[in-house]
Amino acid sequence: MPATFRVGLLGHGTVGAAFAALLEQRADAIAATTGLRPELAGVLTRSRGDFAEILDGSDLVVELIGGIEPAREHVLAAMRAGRHVVSANKMLLAQHGEELWGTAREHGVQLRFEGAVAGVVPIIRVLQESLAAAHVERIHGIVNGTTNFILSEMERTGAPYADALAQAQALGYAEADPTDDVTGRDAAAKMAILARLAFSTPVHLDQVPYEGIEHITADDMAYARELGLALKLVGSAERVDGGISVRVHPAFLYAGHPLASIGGPFNAVTVESAAITEITMSGPGAGGPQTASAVLGDVISAMIPPASTPETTASLPIVEDVRSSFYLHLEVADRPGVLAQVCELLGLQGASVKSVVQKGLGENARLVMVVHPLPESRFFAAVRLIGRLDFVRATPRAIRVIEEEFV
Ligand SMILES: NC(=O)c1ccc[n+]([C@@H]2O[C@H](COP(=O)([O-])OP(=O)(O)OC[C@H]3O[C@@H](n4cnc5c(N)ncnc54)[C@H](OP(=O)(O)O)[C@@H]3O)[C@@H](O)[C@H]2O)c1
């Protein structure tokens, strides 16, 4: 009989229950490959289990409670007691990562967290191990399945945002309270973690500006199609002027971009570096069984060789004013000279127009354009002035466009 490897499980909800079931199902196969048979040493929820007892009887602790406390206290206590920890808790890592990784290093234990970012897509392992030698320049990610599903539905059916959100909730892709997802906060936490790993510099959730998808309209989708663009909630982490920029916002992508075709609740991450050019990985971004599979993969890795998140080696500044290309949607009165005046104000700030679509007549015309990259502060200065022109009928709407094209 192989020796037993005891796993303490904190949390038995969507992911925790799926993990417990998968552990039992895969125990024999894991014993055959590792020589150790994993077994649940105890389960903690709000109504059952005792943390101290579970810790005492475990070789490794899996944290699937979510949120900050008591998850943080339990993870720290487990590592201080010499236990490896596996967690899928992005909010905890994006806000207390340095404390947790430091504690793991100090106590010589592993803290693994593949399930925290992009579900089953193995981006954490790839950044920490496979790409450890690559100097990563940029990461783009669709790292929230709920918003990707909503945007895909809006594009597919022409439905407004509220209807697509209701559909996502009915199908279980969005929670009853979808705030963290639709505001971009969930994606921002994941991008903070990816940036920390890619650039070896501390990145806290508070340093990641995020914009959600609540203001996207069916109109945007229709114009995007005409301009050959796909709208996604994109997380970006990149080196800029000796610092880094990490952020989340809706962005238009040209059809050739590897993220443009990622539809439904899927996630995908593109990593760029001179050494590797570009790689993209995609797959289911959430779900109990899917995330449980990533968590159990981490448990198996922890049963074999050691791995840890090294100390940060840089302290890069966060760059706020980056260059972006924009889609600009204006509701205008259709009079002679409208386009010329808009272009003049853009031109004064150094913006040049790449493409324009003009629709409608009289007082209800639409002017939709894409402008080439320029510093964001200059673009928004132009938009503020454009918003004050007397023929502009509503607040101008601007969405970033990711200009890169891949072959
Ligand atoms: N759901 C997904 O698809 C997904 C995907 C990727 C990552 N994650 C991450 O995985 C983690 C778990 O998510 P989930 O969706 O499985 O959450 P969930 O369904 O809400 O389950 C949470 C579990 O934690 C327990 N719990 C909550 N507060 C506790 C406390 N104070 N003490 C002890 N136990 C407590 C709950 O106990 P009761 O059973 O008593 O309520 C429940 O069993 C989160 O960090 C989440 O971000 C989830």
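**Entry 1. The ligand shell.** I began with the residues around the ligand and sorted them by class: seven are nonpolar, 13 are polar and two are charged. I noted that the model is a predicted one. The shell holds 22 residues, and I listed those that come nearest to the ligand: Gly-11, Gly-13, Arg-46, Gly-66 and Ala-286.

**Entry 2. The domains.** I recorded the division of the protein into domain 1 (3–116), domain 2 (123–283) and domain 3 (323–402). Between the centres of domain 1 and domain 3, taken over C-alpha atoms, I noted a separation of 51 Å.

**Entry 3. Helix α5.** I looked up the buried residues of helix α5, which spans residues 123–130, and found Ile-123, Ile-124 and Leu-127. These three lie on the same side of α5, because they cover an arc of only 110° around the axis. I recalled that an α-helix has 3.6 residues a turn, so residues three or four places apart point the same way. I next asked what the buried residues of α5 pack against. Their partners are helix α9 (185–199) and the strands β9 (266–273) and β10 (277–284).

**Entry 4. The nonpolar core.** I turned to the largest nonpolar core, which has 120 residues. Met-191, Ala-192 and Leu-194 have the most contacts inside this core. Helix α9 gives the most to the core, namely 11 residues. For Ala-192 I left aside neighbours within four places in sequence and found contacts with Ala-94, Val-203, His-204, Leu-205, Val-208 and Val-246.

How values were computed
Residues numbered from 1 in each chain as written. Predicted model: local features only at pLDDT ≥ 70, side-chain atom pairs only at ≥ 80, totals over all residues. Domains from an automatic or database assignment. Near = placed C-beta within 6 Å. Nonpolar A, V, L, I, M, F, W, Y, C, P; charged D, E, K, R; others polar. Buried ≥ 20, exposed ≤ 12 C-beta atoms within 10 Å, placed from the backbone. Helix = DSSP H or I, 4+ residues; strand = E, 2+ residues; numbered from the N terminus. Arc of directions from axis to C-beta. Contact = placed C-beta atoms within 7 Å. Core = buried A, V, L, I, M, F, W, Y, C linked by C-beta atoms within 7 Å.
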